[in-house]
Amino acid sequence: LREARIKSILESIFPDLTSFQESDEIFVIREGENIAGYAFVAAGRGYGGSISIFVGIKPDYSIKEIEVLSHTETPGLGNKITEDPFIKQFEGLLVEDIALLRDGGKIDAITGATVSSRAVTEAIQDRMIEIIKILSGQI
C-alpha cells in the first residue's frame with residue numbers, strides 16, 4: 001500500500017488522528033499524545049481468491065472499523081463483503097466474537113456467499129489474535 005492510501009484509510013477510520021507509525025506491520029494511531037488505536041492488514045482466501053482487509057481496533061482491542069482493500073469475489077454475491085450491511089457488523093466486536101453465527105460468533109453471513117463471509121471473519125480473527133499477542137507483549 002502506498003503511504004497516501006494508508007493515510008487516507010487511517011484518517012477515515014480514526015478521524016481525529018494526529019500521527020501514526022508503523023512497526024511490525026501494525027500501525028499505532030495517535031490523537032495528540034494518546035494512543036487512539038491500532039490498525040493492520042488481514043488476508044484470507046475467499047471463493048474467488050485472496051481477500052485483503054484493513055482493520056482498525058481501539059485500545060481495548062475491539063474493532064473500530066474494517067475496510068476491504070481488495071478481493072476477487074463473485075459480483076453480486078461474494079463482493080457484498082465490501083458493503084455496509086456486512087462490514088458494519090464487525091464494529092465493536094472483540095476477537096472472540098469474530099466468527100459467523102453458525103460458527104459461534106456474531107457475524108451474519110451473506111446469503112449465497114458463506115465462503116466469502118467466512119474468509120473475511122477468519123482472516124480478521126486470526127490476524128487479530130496475532131496482533132493482540134504482539135501488542136500485549138509490548139506493553
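Analyst: We can go through the sheet, then the turns, then the helix. This is a predicted model.

User: What order do the strands of the sheet come in?

Analyst: The order is E1-E2-E3-E4-E5, and these 5 strands make an open sheet with antiparallel pairing.

User: Which strands stand at the edges?

Analyst: E1 and E5 (63-70) do. Each has a single partner strand, so one side of each is left without a neighbour in the sheet.

User: How are neighbouring strands turned against each other?

Analyst: By 20° on average, ignoring direction.

User: How many bridges join E1 to E2?

Analyst: There are 5 bridges between E1, residues 19-23, and E2, residues 26-31. Among the pairs, Phe 20 is partnered with Ile 29 in E2, and Glu 22 with Phe 27.

User: And what holds strands together in general?

Analyst: Strands of a sheet pair through backbone hydrogen bonds.

User: Turns now. What sits between E1 and E2?

Analyst: A hairpin turn with 2 residues between the strands. Asp 24 is in that turn, and its phi is positive, about 50°.

User: What about E2 and E3?

Analyst: They also form a hairpin with 2 residues between them, and Gly 32 in the turn has a positive phi of about 65°. One of the pairs is Glu 31 with Asn 34 in E3.

User: Changing topic: where does helix H1 lie?

Analyst: H1, residues 3-13, lies across E1, E2, E3, E4 (50-57) and E5. The helix runs at about 145° to E5.

How values were computed: Residues numbered from 1 in each chain as written. Predicted model: local features only at pLDDT ≥ 70, side-chain atom pairs only at ≥ 80, totals over all residues. Heavy atoms only, no water. Pairing = 2+ DSSP bridges. Helix = DSSP H or I, 4+ residues; strand = E, 2+ residues; numbered from the N terminus. Axes fitted to C-alpha atoms, helices over the stretch in contact; angles between N-to-C directions. Contact = heavy atoms within 4.5 Å.
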